[in-house]
Amino acid sequence: MPDQNLPIKIFYKRGQYDQRATEGMGNKQLPKWVEGPAELAAKSELFQQALAETATGFANRPADKAFIPAVMKVALRSQALAKTPRAAVGELFNRNKSEYNFIGSVQPSELLVRVDSAQHLEFITRNVAQPQEFQVGMSAINELAPFEPIIELPQDLTGTVLKVKLIHFQERHLDEQIEASFEATLRQQQVSFSKIKYTVELTIYELQPTSVDALQVVQDFEALLSITPAPVYGVGLDEADAAAAISVKVPVTGQEYPTIGILDSGIEPIDHLREWLDPRSYVAVAPEDLDRAHGTGVASIVLYGDELQGKQWVGHGAYKLLDATVFPRRGKALTEGELIKRIQEAVSRFPDVKIWNLSGGGDMSCPEQDFSDFGKALDAIQDRYQVLISKSAGNCRNFEQFMPKARIARAADSVRSLVVASMAHDRGPDDDVDADWPSPFSRSGFGPNNLAKPDIAHYGGNSGAPRNGQKASYTGVNAFSLAGGIIQLSGTSFSTPRITALLGGLNQRMADGFDPLLLKTLVVHSASYPAGLALDPIVRLKELGYGRPGSVEQILYTNQHEITIILRDKLIKGGYLEMWDFPFPEELIDNGHYYGEVILTMVGATRLDGTQGVEYCQSDLKVALGTYDRIILSTSKRKRPLNPYQKENGHNLLLPDSYGALTGKKYLASPFTRERQLRKYEGKYHPVKKFAINLDELRKSKKAGLVAPKKWFLKVEGLFAQAAESAARQTGEELSQEFCIAITIRDPRQQYDVYSSVTRHLTASNFQHNNIQLRNQVPVQLRNAPDGSQA
C-alpha cells in the first residue's frame with residue numbers, strides 16, 4: 001500500500017546559475033507583404049484624404065474643446081500584428097522615439113491613434129505623403145480613418161439607463177480635464193449622472209438624458225468612445241424540496257477561523273449559519289428590497305457543501321462568513337456600475353478578507369472582440385486589494401429551446417478570478433445528461449482571445465428540456481432555505497461556492513500566507529475530467545475548463561509513485577529562466593526510453609491594460625520541459641555571447657504536435673484521457689497554461705528525445721506586448737512577471753518510488769527545496785451529533 005500522505009514540495013531556482021540573458025535577434029530584410037510603389041502611392045492618397053477630414057474636424061471645434069486630441073482608427077493587415085511591424089507603423093505617428101501615440105483598441109487588428117494638434121496632424125501628413133520612406137509602416141496599414149464612436153441605442157429609451165465611456169488618452173491630467181469638461185456638458189444639459197471608476201484607465205458614466213437634444217449633445221462630445229444601454233444584474237433561483245437533516249456545526253471557543261466574503265443577496269441567520277456569521281457586514285440594499293434566499297443557499301454550500309451531499313468533494317468546512325449584501329431581490333434592477341461600486345466598497349472595507357464568492361450575474365454574454373468592463377473591474381479590484389474572487393460562469397436557458405449554449409456571462413471573462421462552470425452530480429428522470437457531464441444550463445467558453453474560461457468546474461445540478469408540454473426539469477444540489485430546511489438548487493451559482501470553500505481550505509492549511517497565484521495554480525493543477533466523459537478535448541475545455549479539482553487533502557498530499565513540486569518566482573524583461581539537470585526519475589526507463597506522466601500548470605500575473613481591446617493581456621510566459629544530451633559552449637555568432645553555454649540536442653516535450661491523436665474507443669479507454677491537455681498556446685498571451693502528457697504517446701518520429709540516458713531541463717521565458725514596453729519606457733518601469741508553476745511527475749505503472757527519487761535529485765543538483773508548510777485543519781463541534789463528538 002503506497003504512502004498517501006507525502007506533502008507537495010516547493011523548490012527554488014539556483015540563483016544566477018539558472019538565469020539567462022535574452023539574446024537580441026535582428027533581421028533587416030523587408031517582409032514579403034511590403035507593397036510596391038504604385039500600391040503605396042494609391043494608399044498614400046487615400047490616407048491623406050482621411051487626414052484632411054480630421055483637419056476639418058480640428059478647425060471646427062469649439063474653443064473650450066480644442067485641448068481634446070483627435071483620434072484616428074488604424075486597421076492593420078493580419079501579417080503586421082507583431083511588435084516589429086507595429087513599431088514601423090508608429091514611426092508614421094510618433095514625433096520622437098519616446099513618444100507612443102497608440103492609445104488603445106476597440107476591435108481586433110484596429111488601433112486608436114492620438115493626434116494632439118493641427119501641427120501633429122501636419123507631421124503625420126508629411127510622413128504619409130512619402131510612402132517610400134515608410135514602406136513597412138504604410139504597407140502594414142489597411143485603413144486609416146477618423147474614429148467614430150460606438151453608439152448602440154434601443155428605439156425606445158424610456159426608463160433606459162445609458163452607459164457612457166470616454167476615450168482614455170493615458171495621460172492623467174488630460175483625462176481628468178476631459179472628464180471635467182464632459183461633466184460640465186451634462187450639467188448644462190440638465191442630465192443627471194453617476195460616475196463609477198471601474199479601473200485606473202476605465203471610468204464609466206451612467207445617465208438618463210431628459211431630451212433628444214441632450215442625447216445628441218452627449219453623442220457629439222469630442223472624446224466619446226461609446227454609448228450603450230447599461231447592463232443590469234441580479235440573482236435568481238431554480239429550486240425544489242429535498243428531505244434530509246444535517247448536524248449543526250459550531251465554532252470551537254477560542255479557535256480562529258478564516259473568513260470568506262459572500263457577495264450576494266444576503267445571508268439569513270438560520271441555526272446552521274448563525275454562529276459562523278462574522279459580526280461585521282456590508283449591506284447596500286434597502287430592507288424592502290431584500291431577499292436572502294440566494295445568498296443563504298450559496299453560504300450554506302460554502303460551509304456545509306460536503307455534508308449536504310454526503311461526499312468529500314472539498315474536504316474542509318470551517319469558515320467565518322462575511323455577509324456582503326450587494327444584490328437586491330429578483331425583479332429589482334441593478335445597473336452594472338452600481339453593482340461594481342458596491343463590490344468595490346465591500347472588498348475595500350474588509351482588507352483581512354482575502355477570498356470572496358461572487359455567484360450573481362446578468363444574462364448578457366461576454367463580448368467576443370474585447371473583455372467586458374465588468375471583468376476588467378473585477379481584475380482591478382483583485383489587484384488593488386490583493387484578493388481572489390471565485391466567480392460563476394453564468395447560466396442560460398437555451399437548452400429549453402434545444403439551442404446551443406450561450407457564451408460565458410460578462411464578468412466571467414475576468415482574468416484574475418477563478419471562473420467556475422457547473423457539472424451534473426446526478427441524473428433525474430427528466431434530465432438531459434448523465435452525472436459528471438457539463439450541466440445543460442452552464443454557459444460555455446471560450447472567453448475573448450480564446451481564453452480558457454471557465455477555468456474549472458464543480459457540481460451545481462442537472463436539468464432537462466421541457467417534454468410533452470411539461471416545464472423544464474431541474475435536479476439540484478442540496479442547500480439550506482431561508483427557513484433552515486434543505487432544498488435543491490441548480491446553477492453555476494451553486495457550483496462556485498464549492499471552489500470558494502476549496503480556496504478557503506487551502507489558504508487556511510498553508511502556513512506561508514495568502515498567495516493568490518499559488519492558490520489558483522494548485523486548484524487548476526489538480527483538476528481533471530471524469531472517466532468516460534466522451535467529449536472532444538476542445539469541447540470539454542470550453543464547457544468545464546480544466547475539469548473538477550481535487551479536495552484539499554488530495555491537492556496538498558501525494559503518494560510515493562508521484563511527486564508535485566512548485567516553483568514560485570518572477571521574470572524580469574531581458575532575461576529568462578533555464579534549469580539544467582531538472583529532476584526526472586532515472587528509474588522511469590523501459591526498453592531504453594523514458595516513460596511516465598507529466599502534468600505542468602503555469603499561472604502568470606499577466607500585465608493588464610483595459611484600453612487594448614482583445615489584447616487586454618499585455619504579457620505572456622512560454623514554458624518548455626524536456627531533454628538534452630549535454631552542456632556545450634555557445635554556438636552564437638555574437639563575438640561575446642550573453643550566455644556562454646547552451647544545451648545540445650534539446651527536445652521540448654510539451655509541444656502538442658509531438659503526440660499522436662487518440663480517437664474513438666482508444667480515446668475513452670486510455671486512463672490518461674481524464675488528465676490529457678495538449679492545447680497550443682503559442683502567441684496567445686494566456687495567463688493560465690496547462691500541459692498533461694504521457695510520454696508513451698509521443699510520436700515515433702519524436703522518440704529520440706526519450707532515448708536514455710538524457711538530462712532534463714525546464715525553461716521559462718517572458719514576453720511583453722509593444723504597448724506595455726512603450727508605457728514602461730515612458731515611466732522608467734522595469735517590466736516583470738510573477739508566476740507559479742506546478743509540476744507533477746508520475747509513474748503510471750506504480751512500480752517506483754518517484755517521490756524519493758525526485759527529492760534526492762533536487763538535493764544532488766543543488767536545488768533548495770522543502771515540504772510545503774502546513775497548518776493543522778481547524779476543528780469544529782457538532783451541536784446535535786448523537787454522541788456530541790467533535791468533527
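Colleague: Is Asp581 buried or partly exposed?
Modeller: In this predicted model, Asp581 is partly exposed, with a relative accessible area of 24%, and its place is in the loop between strand S28 (575-579) and strand S29 (589-590).

Colleague: What is its phi, given that Asp581 is not a glycine?
Modeller: Asp581 has a positive phi of about 55°, whereas most residues other than glycine have a negative phi.

Colleague: And what about Ser109, where does that residue lie?
Modeller: Ser109 lies in the loop between strand S5 (102-107) and strand S6 (110-115); its phi is also positive, near 70°, and with a relative accessible area of 29% Ser109 is partly exposed.

Colleague: Switching to cysteines, how many disulfides does the structure hold?
Modeller: The structure holds zero disulfides.

Colleague: Which helix does H2 cross, and at what angle?
Modeller: The axes of helix H2 (residues 83-93) and helix H3 (residues 118-128) come within 7 Å and cross at roughly 125°, which means that H2 is oblique to H3.

Colleague: Which residues make that contact?
Modeller: From H2 there are Glu91, Leu92 and Phe93, and from H3 His120, Phe123, Ile124, Asn127 and Val128; by class, the contact has five nonpolar, two polar and one charged residues.

Terms used
Residues are numbered from 1 along each chain as its sequence is written. This is a predicted model: local features need pLDDT of at least 70, side-chain atom pairs count only at pLDDT 80 or more; totals for chains, interfaces and linings use all residues. Side-chain values use heavy atoms; hydrogens and water are left out. Axes are lines fitted to C-alpha atoms, for helices over the stretch in contact, and angles run from 0 to 180 degrees between N-to-C directions. Helices (H or I, at least four residues) and strands (E, at least two) are DSSP runs, numbered from the N terminus. Angles under 35 degrees count as roughly parallel, over 145 as roughly antiparallel, 65 to 115 as roughly perpendicular and the rest as oblique. Contact means heavy atoms within 4.5 Å. Ala, Val, Leu, Ile, Met, Phe, Trp, Tyr, Cys and Pro count as nonpolar, Asp, Glu, Lys and Arg as charged, and the others, Gly among them, as polar. A disulfide is a pair of cysteine sulfur atoms within 2.5 Å. Buried means under 20% relative accessible area, exposed over 50%, partly exposed in between (1.4 Å probe, protein chains only).
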